[in-house]
Amino acid sequence: MIIALLWMLAIGLVATLVYVAGRLVYDAWGAVRQRRYDKSVGQLAPPWRDTKVLAIIAQLVFAIVVGVIFWYLWGNFRDRTDAIGLNLSFDFLDQPAGITIADNPLTPADTVGEAITAGFFNTIRIIIVGIPMAVVLGTIVGVARLSNNWLLRKLATGYVEFFRNIPPLVVIVFIWSGVYLTAFPRAADSWQPLNWFVFNNAKFAFPSIEGLDNFAAFRWVILLAVIAAISVVYWRTQVFIRTGAAHHRVLWGLGTLLGIGVIGYFALGGPVKFSLPTVDEAGRVYEGGIRMQMPYAALVTALVLYTATHISEIVRGSIQAVHKGQVEASEALALSGFQRYRFVILPQAMRIAFPPLINQFLNFSKNSSLALLIGFGEITSIISNLAGQSQPAPQLILILMLLYLVISLVLSAIGNLINRRLQIVGR
Amino acid sequence: MTRKVTITGWQRAAGVVAILALAASACSGDDDSTATDSTTAPDSTTAPEGTTADTVEVTQGGGVLAAVQSRDVVNCGGNNGLAGFGSVDAATGEAAGFDIDFCRALAAAVLGDATKVDIKPLEAAERFPTLQSGEIDVLIRNTTWTASRDGGEQATFLHTNFYDGQGFMVAADSGIASLEDMANATICVQTGTTTLTNLNAVFADQGIPFTPLEFASNDELNPAFQAGQCEVWTSDASQLASFAAGMDLETTILPNIISKEPLGPAVADGDSQWAQIVDWTTMATIQAWEWGITSENVDTFLTSEDSSILTFLGQPVKDADGNEAVKDLGLGLDADAFYRVIKQVGNYEEIFERNLTPIGLTLAGSPNDLWTNGGLMYNPPFR
């Protein structure tokens, strides 16, 4: 997978280079034609006073300067690596990595490539869970900072000012050691409220759904139910727009989902069961439920708390940027506080907030690399571990950078897509 | 008719990507040549003349010894978080420890002054890249000598200064007494170490499942162990003793030793003169111990009857015809380099007792004892 990724990136870069060179040639050709035309009408300026010519020369000079700088750096790098005989091939990806990751089926005999992939998915796991939580918390806090309730407003301000002004690394170590490590009991004295959960300072376990026979078929049924529910919601919305009759689309949607789900459950002879986690006396062997490592929980908590403060500032600023007349108009319509935010202010504020929010998503994904310190096996810690196991560091760091680049590009692409939707809806 | 030339955001982005592409295309192109180089490398007789000449020039012209002498300080990669081996002395604020003393010995040998060292504290995973980059002249940071590090990390390991083995530490009340008792336990280990690969290999071979928890730094591992997140801490036995000494928690270090961990100095490949200097400086402390020369009594040996000792200390030796001459060992060091090492830093026993006895390690009867006492400390003769 990683080699394919490297190749895709290399091809993409070469294609872009070709495109840029093409643009430059095209522009130069345009300038030549322009000058021919100018000459034919007798208005030919000397080349050093022709902005088109100057622009092309400036671009060329810039490209050459940058190229030379990179060529020099590359040569310097090669001189050093040759002098000490560093191997720059990517063959090491097929060597056994000799490492294991907590709660991951990776064995010491698995290859370096597989270890990197496992670390990459651990990073994805942080991002997918953390970003939505940060957005929800950030929005709530951002609204709370503008609340008319004095206590709520001050609490929100205090929280934002506290976490926003501490480096994320310190927040992570604080949450990890100050909260999770010391507040939760040792594994042997696990805290098991209601016998539904297991909490200790190494792992948390929660109830989950466990698949039995026909589970694969049941998943298809659920997918079908979700599609049906979305269609029903869409249909109710259309009815509402056409006739103005009460839509009750949430009720209709949930009803459809539950209806199909329950029918499917009984038709397939009970394909799932509710699974409660249990742990043995020593706090080591877990049965049932779904487990989460403490460092993961600490990292996600810390990053969400940290990023949410930045998001809340963006949300607050965006709300304040909505024209005052909009608020007054909604008050004149006697909308409730919730309705005012839900239907008038937030839709307009989100349009303003979204571009800077994308930046915060990128920051979140990059800050996840700090998990290295508290012992969660995400991509940076796996790469640094491998580099310490006699695997070549330059190639590993290159791969690490490319993987973060991929994450960032995908996040921005998704963000830009949503942003474009928001802009069109708002006109 | 005019047309405006505007640079849009898209074009600007494309420009940035183009620069990256330039680097990447150069990268892929040169990778091929590296591959061919490495395949022809074993057949050294047919290796291109140019590359061989280049390498020789680098070693002779850009020698580390000359660089150290002109800089007048030895850059030494060390540890600052391992009491006994390498840490910051709370009283003086200076780096102190067993490994640090070997850096000082090197400075005494090369520059004549044991204080002319610059200790760069390194985490385990960053030590080899730092050595490869030339940022440090020598790495003396409780680093295990292994084949893959000698080969894959472009490092040259030199005479072992501490024979260690991987052990396990548990809280005294944990009830863990053997490897089998650790089934499914959370075992903490530092990333980028041989300890981690040993742990995985041994537990996989014996079929014992466990939950690994890997920390980049012992600074975070230590509180995690004391809070009980880690039921077991595995590392070199000497390190465990060092950390146990600084803990309020009652701990037990199990008798099981699962690996050989010879710790020693390492230098970057490609400069054999510098490697020899580091090697013989390390061994000089052992040789002095064998002869009973200490920093206290070294001056009394300057008039020794033993010609080997005189050569070692850089004193003139009478030959059969009665002519006196100082024998040059040809290492590129001053004649009295080893005298300065012993005078300023001390012999191996003194270094050990100064740094490691306080954290509870004993020298007598351990693998680090002299070969004449049944230990492993043995070195070739200084002739």
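## Thr294 of chain B and its loop

Thr294(B) sits in the loop between H10 and helix H11 (307-312) of chain B. Helices here are DSSP runs of H or I with at least four residues, strands are runs of E with at least two, and both are numbered from the N terminus. Leaving out neighbours within four places in sequence, Thr294(B) is in contact with Ile342(B), Asn347(B) and Glu350(B), where contact means heavy atoms within 4.5 Å. Ala335(B) is 41 residues from Thr294(B) along the chain, and 18 Å separate their C-alpha atoms.

A word on the model before going on: it is predicted, so local features need pLDDT of at least 70 and side-chain atom pairs count only at pLDDT 80 or more, while totals for chains, interfaces and linings use all residues. Residues are numbered from 1 along each chain as its sequence is written, chains are lettered from A and ligands numbered from 1 in the order in which they are written, and side-chain values use heavy atoms, with hydrogens and water left out.

## Two helix partners of H10 in chain B

Two packed helices are described by the angle between their axes and the distance between the axes. Let's begin with helix H4 (residues 98-111) and helix H10 (residues 272-291) of chain B, whose axes come within 10 Å and cross at roughly 115°. The axes are lines fitted to C-alpha atoms, for helices over the stretch in contact, and the angles run from 0 to 180 degrees between N-to-C directions. H4(B) and H10(B) are therefore roughly perpendicular to each other; angles of 65 to 115 degrees get that label, those under 35 count as roughly parallel, those over 145 as roughly antiparallel, and the rest as oblique. The crossing of H4(B) past H10(B) is right-handed, meaning that the near helix is turned clockwise from the far one by less than a right angle, with anticlockwise giving a left-handed crossing. On the H4(B) side, Phe102(B), Ala105(B), Leu106(B), Ala109(B) and Val110(B) take part, and they meet Trp274(B), Ile277(B), Val278(B), Thr281(B), Thr282(B) and Thr285(B) of H10(B). Sorted by class, this contact has 8 nonpolar, 3 polar and no charged residues. Ala, Val, Leu, Ile, Met, Phe, Trp, Tyr, Cys and Pro count as nonpolar, Asp, Glu, Lys and Arg as charged, and the others, Gly among them, as polar.

H10(B) also meets helix H13 (residues 348-355) of chain B, with axes that come within 7 Å and cross at roughly 100°. That makes H10(B) roughly perpendicular to H13(B). Here Thr285(B), Ile286(B) and Trp289(B) of H10(B) meet Tyr348(B), Glu349(B) and Ile351(B) of H13(B). The residues of this contact divide into 4 nonpolar, 1 polar and 1 charged.

## Chain B as a whole

Chain B has 13 helices and 17 strands. Of its 383 residues, 51% count as buried, which means under 20% relative accessible area; exposed means over 50% and partly exposed lies in between (1.4 Å probe, protein chains only). Among contacts between residues at least 6 apart in sequence, 71% join residues at least 24 apart.

An automatic or database domain assignment supplies the domain bounds. For chain B these are domain 1 (63-163 + 263-383) and domain 2 (166-259). The contact between them takes 17 residues from domain 1 and 14 residues from domain 2. Their centres, taken over C-alpha atoms, are separated by 30 Å.

Asn218(B) lies in helix H8 (residues 218-226) of chain B. With a relative accessible area of 10%, Asn218(B) is buried. Not counting residues up to four places away in sequence, Asn218(B) touches Gln190(B), Pro223(B), Trp233(B), Gln239(B) and Phe243(B).

Most residues other than glycine have a negative phi, and most peptide bonds are trans. Asn184(B) has a positive phi of about 65° although it is not a glycine. Its place is in the loop between strand S9 (166-171) and strand S10 (186-190) of chain B, and Asn184(B) is partly exposed at 27% relative accessible area.

## Over to chain A

Chain A is divided into domain 1 (2-84) and domain 2 (112-190 + 292-426). The C-alpha centres of these domains lie 39 Å apart, and their contact takes 5 residues from domain 1 and 9 residues from domain 2.

Asp103(A) is found in the loop between helix H2 (51-83) and helix H3 (112-144) of chain A. Its phi is positive, near 55°, in a residue other than glycine, and Asp103(A) counts as partly exposed at 42% relative accessibility. Arg340(A), in helix H10 (residues 337-367) of chain A, is buried with a relative accessible area of 17%.
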